[in-house]
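Here is a short note for a colleague who is new to reading structures. Please keep the model open while going through the points.

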Amino acid sequence: MLLIVFATIGFIASVFLFFKLTRDDIKLLSLHLTDETIFDIFFLTSLAAILGARIVYVAAHFTDFGGSPLKMIVFTHFPGLSGIGAVIGGVIFLRWFLKNKNILHPRIFDLAALSSLPFIVLFSLGKQNFLSAGIFIVLLLLLTRIYKTP
């Protein structure tokens with residue numbers, strides 16, 4: 001239960017940070033991104049990341065599922081997500097989505113990576129993994145400092 005609460009708070013914090021960074025970025029102002037487009041980018045990429053995480057986890061632990069498609073799909077009863085799969089799925093979808101919208105700008109990838117860190121930190125705290133949460137907090141502070149430097 002604690003993990004779900006921390007993950008939800010982390011997701012909301014990440015959405016806010018992505019929205020704020022995207023709206024305030026000077027290099028992205030010329031793209032005239034609407035609020036709807038910014039939220040579409042974040043939410044759809046998040047869903048693609050979850051799907052990629054599940055696909056990679058099922059591929060890596062295929063024998064645990066016994067070839068049952070139902071066990072592969074229902075991740076609430078048969079848990080398991082892959083962090084690497086989430087990154088791969090999110091990056092592939094984000095590149096495809098931005099290319100189709102003709103707003104392919106490398107700065108959006110930077111902002112998406114930076115804004116995912118609050119989720120990772122709070123998720124790690126929810127799992128009571130304090131060492132990795134501390135490492136990600138330091139990384140978040142350093143990246144924020146580098147990002148704000150002119």
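1. One definition is needed first: a residue is buried under 20% relative accessible area, exposed over 50%, and partly exposed in between. By that rule Leu81 is partly exposed, because its relative accessible area is 47%. Please bear in mind throughout that this is a predicted model.

2. Where does Leu81 sit? Leu81 is placed in the loop between helix H3 (69-73) and helix H4 (83-100). Leu81 also belongs to a nonpolar patch on the surface, together with Leu44, Leu47, Ile50 and Phe75. The accessible area of these residues together is about 450 Å².

3. The overall fold can be described in a few words. The protein has seven helices and zero strands, and its pattern along the sequence reads α-α-α-α-α-α-α. The C-alpha trace spans about 50 × 40 × 20 Å along its principal axes.

4. The protein has 150 residues, and 33% of them count as buried. Among contacts with a separation of 6 or more, 67% are accounted for by residues 24 or more positions apart.

5. What does the surface consist of? Its accessible area comes to about 9,800 Å², and carbon and sulfur atoms hold 73% of that. As for charge, there are 12 positive and 7 negative side chains in the protein. The centres of these two sets lie 5 Å apart.

6. How many salt bridges are counted? The count comes to one salt bridge. The partners are Asp35 and Arg23, whose side chains meet at 3.4 Å, N to O. Asp35 lies in helix H2 (residues 35-60) and Arg23 in helix H1 (residues 2-24), so the pair ties together parts that are twelve residues apart in sequence.

7. The last point concerns backbone geometry. Most residues other than glycine have a negative phi. Asn102 has a phi near 55°, a positive value in a residue other than glycine. Asn102 is found in the loop between H4 and helix H5 (106-115). With a relative accessible area of 69%, Asn102 is exposed.

Conventions: Residues numbered from 1 in each chain as written. Predicted model: local features only at pLDDT ≥ 70, side-chain atom pairs only at ≥ 80, totals over all residues. Heavy atoms only, no water. Patch = residues over 30% accessible without salt bridge, like charges linked within 9 Å, V, L, I, M, F, W, Y side chains within 5 Å. Areas by Shrake-Rupley, 256 points an atom, 1.4 Å probe, with all protein chains shown as cover. Salt bridge = Lys/Arg side-chain N within 4 Å of Asp/Glu carboxyl O. Helix = DSSP H or I, 4+ residues; strand = E, 2+ residues; numbered from the N terminus. Buried < 20%, exposed > 50% of the residue type's maximum accessible area, 1.4 Å probe, protein only. Contact = heavy atoms within 4.5 Å. Lys, Arg positive; Asp, Glu negative; His and termini not counted. Charge placed at Lys NZ, Arg CZ, Asp CG, Glu CD.
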